[in-house]
Amino acid sequence: MTNTMRALRQPTLDGPAAMELADVPVPAPGPGEVLIRVSAAGVNFADVMQTRGTYHGGPQAPYLAGFESAGEVVALGEGVGDVRLGQHVIGTGYAAFAEYAVLPAAGVAPVPAGWRDEQALGLVLNWATALAALRPLGRLAAGETVLVHAAAGAVGQAAVQMAKHYGAVVIATASAGKHDVVRALGADHVIDYRSEDVAARVAELTGGQGVDLVLESVGGETFTASLAAAKRVTGRVVVFGVAGGTVPVTNWDLNFKHHIHLIGLHIGVLIQHAPHIFGELMAELQELQAAGVYPPGEPTVHDLAEGPKVLAELESRATVGKQALRP
């Protein structure tokens with residue numbers, strides 16, 4: 001192993017265009033951590049938010065970018081017993097857009113047997129987030145109707161497939177050019193959020209009743225539409241994204257206007273504060289793999305140097321599905 005590595009560095013909070021390649025020291029794993037030789041790093045909207053300083057608790061510039069990576073374990077920190085050298089794992093940490101990355105051992109998952117490392121990207125972040133929103137938090141039951149926003153994205157695609165597997169009627173939102181992709185995943189109805197009134201269309205599709213569950217990953221005007229689209233009294237809205245901005249909701253709103261269940265989700269917080277639920281999610285995802293519901297992912301893979309371009313395209317919502325960088 002060399003002493004230096006290539007990595008993507010964010011020198012300012014001026015967005016993806018400021019990101020640059022740099023030669024930096026290879027990190028060392030601390031207690032409870034593992035060092036992996038990165039095969040592929042996942043690109044997520046949170047990476048875009050971090051480049052602009054809008055991600056809560058995100059790093060301050062300058063910093064090494066990226067937090068989702070998969071690869072081979074090449075060093076173990078003190079006290080690590082459940083991960084072995086040479087094992088291929090997927091997890092989240094810091095400075096993932098690099099040739100080597102450090103991950104907390106408690107939050108890694110093995111790459112499924114027979115899968116390439118990049119095919120496992122999204123296991124801990126995208127698929128676990130979607131499953132948490134649908135099942136333990138969203139309490140989805142067969143026969144219910146679920147509204148999935150940004151359904152052509154990585155979390156959205158996972159949510160559509162799992163919701164259909166669990167017997168739900170799926171209403172999805174996506175831009176017009178992505179409707180065929182979403183329908184192929186099993187969505188029963190697809191709404192063009194750019195040209196249609198989402199709440200009004202949902203009311204039309206549900207006979208004015210609203211949906212039982214909303215997976216809200218966008219924010220802004222979409223968040224307002226989500227509150228209106230949820231069924232009164234029993235409807236649930238699980239919030240796990242703010243890409244479109246924030247909208248305030250007061251106790252007056254929940255008392256007199258939006259009689260719904262409003263639930264917040266951040267997979268990193270869930271891993272930290274409810275590790276038993278995370279363990280149950282990983283076990284359920286293994287069952288979904290065996291059933292063919294969770295197939296090997298096929299992300300669009302780019303060279304590490306293309307990272308700034310890929311993040312810019314993600315920010316403009318020009319991408320479809322999972323994006324990855326290969327160092």
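Reader: How many bridges join β9 to strand β10?

Author: The model is a predicted one. Strand β9 covers residues 145-148, and strand β10 covers residues 169-174.

Reader: Through which helix does the chain cross from β9 to β10?

Author: The path is a β-α-β crossover, and its hand is right-handed. The helix on this path spans residues 154-165 and is α3.

Reader: Which residue in β12 does L147 stand opposite?

Author: Strand β12, residues 213-216, pairs with β9 in the parallel sense over 3 bridges. Within β9, L147 points the one way together with T145, while V146 and V148 point the other way, and all are buried. The residue of β12 opposite L147 is V214.

Reader: Why do the buried residues of α10 line one face of the helix?

Author: Helix α10 runs over residues 307-315, and its buried residues are G307, P308, V310, L311 and L314. They line one face because, seen down the axis of α10, they fall within an arc of 165°.

Reader: Against which elements do the buried residues of α10 pack?

Author: One of the partners is a helix, α1 (45-51). The buried residues of α10 also pack against the strands β1 (4-10), β3 (33-43), β15 (300-303) and β16 (323-326).

Reader: Which residue with a positive phi follows α10?

Author: The phi in question is near 65°. The residue that follows α10 with this value is R317.

How values were computed:
Residues numbered from 1 in each chain as written. Predicted model: local features only at pLDDT ≥ 70, side-chain atom pairs only at ≥ 80, totals over all residues. Heavy atoms only, no water. Buried < 20%, exposed > 50% of the residue type's maximum accessible area, 1.4 Å probe, protein only. Helix = DSSP H or I, 4+ residues; strand = E, 2+ residues; numbered from the N terminus. Pairing = 2+ DSSP bridges. Right-handed = clockwise from strand over helix to strand, strands pointing away. Arc of directions from axis to C-beta. Contact = heavy atoms within 4.5 Å.
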